[in-house]
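Work through these exercises with the structure open beside you. Try each task before you read its solution.

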Amino acid sequence: MSLWIKNAIIVNADKISRKPQDIFIEAGFIKKITASSDTPQTLSKGGAVNSIDAQGKLVMPGFIDMHVHLRQPGREDKETIETGSRAAAKGGFTTVMCMPNTNPVIDNGMIVKAILDEAQRVGLVNVIPIGAITRGQKNEELSDMFELKEAGCRALSDDGKSVVNSQLMRLAMEYARMAEVLLIEHCQDPNLSGCGVMNEGRTSTLLGLKGDPGVSETVIVARDIELAHYLNTRIHLAHISLKRSVELIRFAKSQGIRVTAEAAPHHFTLTEEAHESFDTNTKVNPPLRTKEDVEAIKEALKDGTIDCIATDHAPHTEEDKEADFDHAPFGMIGLETAVGLVITELVDPKIISWAQMVERMSAAPARITGLCHKGEISEGKEADITVIDPHREWEVRRQDFVSKSKNSPFIGRTLKGCVEATICQGRVVYQREGVPGL
Amino acid sequence: MIEWNKHSLLDLRELNKEEIEMVLETAKSLKEVSLREVKKVPALRGKTVVLLFFESSTRTRTSFELAAKRLSADTINIAVNNSAMSKGESVLDTARNLEAMNVDMIVVRHACAGVPNLLAQNLKTSIVNAGDGCREHPTQALLDLFTIKEKLGRIEGLKVGIVGDILHSRVARSNIMGFTKLGAEVTVCGPSTLMPPGIESTGVKVTYNVLELIEQCDVLMVLRIQQERQRDKYLPSIREYARMFGINKEKLRHAKKDILIMHPGPTNRGVELSAEVADGEYSVILDQVANGLAIRMAVLYLLLGTHGKAPAGE
C-alpha cells in the first residue's frame, strides 16, 4: 500500500519545514520526502496512489501516549482495546501504552501476547502493554521482567499505586536496569493520601471532602530520585501534578540524575476549584491541584523539566461515576481531548511552540521508551503521522466521543486545534468527517 | 423583607445574610405553634416530606419529622444502612424513585459531602441537607444562630469560640459560614491534628489555647469528640483530650459572666464537656433542641409553603 501526503508543513521536534513538502509512504515506512514544488506533475495527475492534501495543515509525527487505561481484560464495559484504539486514532495518537491494572493484571507474557493479538486484530493503532513491576501489582514480589520484556513490554509500572516498600523498589530498579526495561512510578504514599478524594487544602476544607496532601506525591518523587541516583539508573515519574514535584525533578536533572516525567492535560488545565460542583468527572488521581501548581506544570513543559504529555486516559461507566464524590472512581478520559487542550492551553498562548508540542507528545515518549523508528517524520522512519488543523475550533460534545466511556470534565468546552487525520504504519486510521482526500 | 426564592437548602455557604435572617424571623413566629395546646397549623397540608437518612440520627430526624407534622405535612422515614447501600442501588437512584412518587421534599443525611448537591442537581424535588459528611449541617447552624439571638439579642460583634474536632465537623463548617456572614468574630480551637488546613481562609482565627479562648468568648460552642479519633491516631488519648480541651467548671472560672455554652449533641459527658457544665447555668443545650424544631419548621415552610413572606401572626 502506498500513500502520498501533499503540501505538508512538517513539524518535527527540532525543525519545521519552511516550504510545503510531499511525503511518500510505502509498506508502512516513509520512503521519500520532497518539496511539493518538485513533485512531478505526472504523479499529481495520476490516480495510482491514495493521497491526502494537507494544504494549510500541520503534519506531525504520530503522537505517543505512554499512559492509558484500556480496561481489557476485566472491565470491557468501560473500554476495550478496540474502542480505546478508535479513541486514540481520533485523538491523533498512533501509539498507546496501556497500564497493567486490568483483571487479571498484566504480569506475565501470556496476557501481554493476548493484548497484542487483540490490538493486531483491531488494527488501528500500536498498542504496547505496560507490565506490572510487582506480581499482581501486590507490592510483594517482582514480576518476571525478562518474560514481560520478551513478550513486548517496553515499560513496567504498578500504576494506580506506588511501589510502597522502598527496598522492593530498590530491587525493582536494579533488576529493571539489567533487564533494560523502563520503570514508571505512580508517586503516591498511600499512608499519607489515606482516603483522600481531592487535593488537601483550603478547598477540601470548604467542601468537607477528604484531602490527599501534595506531600504524598512529593515524598515518593524524592525517594525515587534518590534511588535512581544511588543505583545510577533511570526512573520515569507518571502524571506529575505539583509545583514541589517539578522543583525536585528540576533539581535532580541539574545533578545529572536520569529521571524523566510526564504530565496529564487535566493537570495543566484544571484546578481543584473544579470540584465545587461535586461533578465526579473531575475526580482524578493524582488530584487536581491549585493554580500555582498548574502554572508550574506549564512552566515545566516549557523548559523540559517535564519531558512529555501523557493522558492517563481512564474510562469509567456512567453508573460508576454517578455516585457520591467519595465512592465514585478516580479518573477521566483524555485521548480525544488531549490535542485540543494542548493547543488551546499551551501552544495558542505561546507557552510552547509547535515543535515543542511534537517533542512532548511524540519525540520524547519515543525516546524514553526506546521506539527509535518513531517520533520523527524523516525518510526511513515508520509512517506514523498526525495531521492537525491548527485553527479549527470545536466544541467537546458527549455524543462525539468514540471511547466507550464519556467521563470527561471538558464536555461543553470549546477547543482550538483539531486532528484532521491519523496515519498509522502508512494506513489512514482516522479522518475527520468532511476532510477532503482519499 | 426580601423574597425567598430558594428551592432547596444545601448549605449556609449559598445563603446570604438576608436569607439567613429571614429563616430566623420565620422561626420566631413559628416557635409559638409548639406552645399551643393543638400543636399544628395547616400550612403544608397535602405535602409529603421524606426523611432519607443514610446515617443514624435521633435528634435531627425527630426534629425534622415533628417540624413537618406540626405544619401538617405527611412524613415518611427511610433509614438506610450505608454498607448495604454501597453495593446496590445508588443514592441518586433511590432519590429518583422517591421523586417518581411525587414527594415534595427530601431531607437527606449522608456520610459523603456533596450528596445533597448531587440530588439537587438531578431532581426537581426540594432537597434539605440534614448533614453531609464533614461538609455542612445548615439547620444546626441556623438553630444555633437563633438560640444566640434569642439569648443575647444579636450576633454581630459577638466573639464565638468553637472547640473540638474541627476537621471532621460539619457543624463547625456551617456555623463558621453563618457566624461570619452575620458579623460575629469566630475563633476555632482544638488539637492541631484535627484542625483542617486552610481554615483561616474562611475568616476565622485559630488557637490551641482553650483557656485564652474562654476568657474572651461570648459564646462557646463545644463539639462532640468521636472515640475513634484515638484509634485513627489523631489523638494520643481521649483522656489527654479531656484534660487539654474538655470544658469543665475549673476552665470556665475565667469566662465572662454571661457566657453561653452550646453543644450540638449528643454529648460525651466527661470528655468534651463535664456534666456539671452541660447542666449548669451557662448551658443552653436544651434551648438549642427546642429551637431546632422552630428552625426546621421555618425551613420547611419557606421551601414548601406559599413562598414569599414570613407567616403573619400565625
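**Exercise 1. Classify Gln216(B) as buried, partly exposed or exposed.**

Step 1. Count the C-beta neighbours: Gln216(B) has 14 of them inside 10 Å.
Step 2. Apply the cut-offs: a residue is buried at 20 or more and exposed at 12 or fewer.
Step 3. Gln216(B) therefore counts as partly exposed.
Step 4. Look across the sequence. Leu158(B) is 58 residues away along the chain, yet the two C-alpha atoms are 10.0 Å apart.

Keep in mind that this is a predicted model.

**Exercise 2. Work out whether the radius of gyration of chain A agrees or disagrees with that of a compact globule.**

Step 1. Take the length: chain A has 438 residues.
Step 2. A compact globule with 438 residues would have a radius of gyration near 22 Å.
Step 3. Chain A has 21 Å, so the value agrees.
Step 4. Along the principal axes, the C-alpha atoms of chain A fill a box of roughly 70 × 45 × 45 Å.
Step 5. Look inside. Of the 438 residues in chain A, 57% are buried.
Step 6. Turn to the contacts in chain A with a separation of 6 or more: 74% of them join residues 24 or more positions apart.
Step 7. Finish with the secondary structure: chain A has 13 helices and 18 strands.

**Exercise 3. Find the residues with the most contacts inside the largest nonpolar core.**

Step 1. The largest nonpolar core holds 124 residues.
Step 2. Val59(A) and Leu156(A) have the most contacts inside this core.
Step 3. Helix H13 of chain A (residues 354–368) gives the most to the core, with 7 residues.
Step 4. Now list partners of Val59(A), setting aside neighbours within four places in sequence. They include Ile5(A), Ala8(A), Ile9(A), Ile10(A) and Val11(A). Also among them are Ile377(A), Ile385(A) and Val387(A).

**Exercise 4. Describe the side of chain B that touches chain A.**

Step 1. Count both sides: chain B brings 23 residues to the contact, and chain A brings 16 residues.
Step 2. Name the elements of chain B that give two or more residues: helix H4 (91–100), helix H5 (115–122) and helix H7 (170–181).
Step 3. H5(B) gives the most to this side, with 3 residues.
Step 4. Sort the residues on the chain B side: 10 are nonpolar, 9 polar and 4 charged.

**Exercise 5. Give the strand order of the open sheets of 5 strands and of 4 strands in chain B.**

Step 1. The sheet of 5 strands runs S7-S6-S5-S8-S9, with parallel pairing.
Step 2. Strand S7 (205–207) and strand S9 (260–262) are its edges, and each pairs on one side only. The twist averages 20 degrees from one strand to the next.
Step 3. Zoom in on one pair: 5 bridges join S5 (residues 159–163) to S6 (residues 185–189). Lys159(B) stands opposite Glu185(B) there.
Step 4. The sheet of 4 strands has the order S2-S1-S3-S4, also with parallel pairing.
Step 5. Its edges are strand S2 (74–79) and strand S4 (126–132). Here the twist averages 15 degrees from strand to strand.
Step 6. Strands S1 (residues 48–53) and S3 (residues 105–110) pair in the parallel sense over 5 bridges. Phe53(B) faces Arg109(B) in S3(B).

Notes
Residues numbered from 1 in each chain as written. Chains lettered and ligands numbered in written order. Predicted model: local features only at pLDDT ≥ 70, side-chain atom pairs only at ≥ 80, totals over all residues. Rg over C-alpha atoms; globule rule 2.2 N^0.38 Å. Contact = placed C-beta atoms within 7 Å. Core = buried A, V, L, I, M, F, W, Y, C linked by C-beta atoms within 7 Å. Nonpolar A, V, L, I, M, F, W, Y, C, P; charged D, E, K, R; others polar. Pairing = 2+ DSSP bridges. Axes fitted to C-alpha atoms, helices over the stretch in contact; angles between N-to-C directions.
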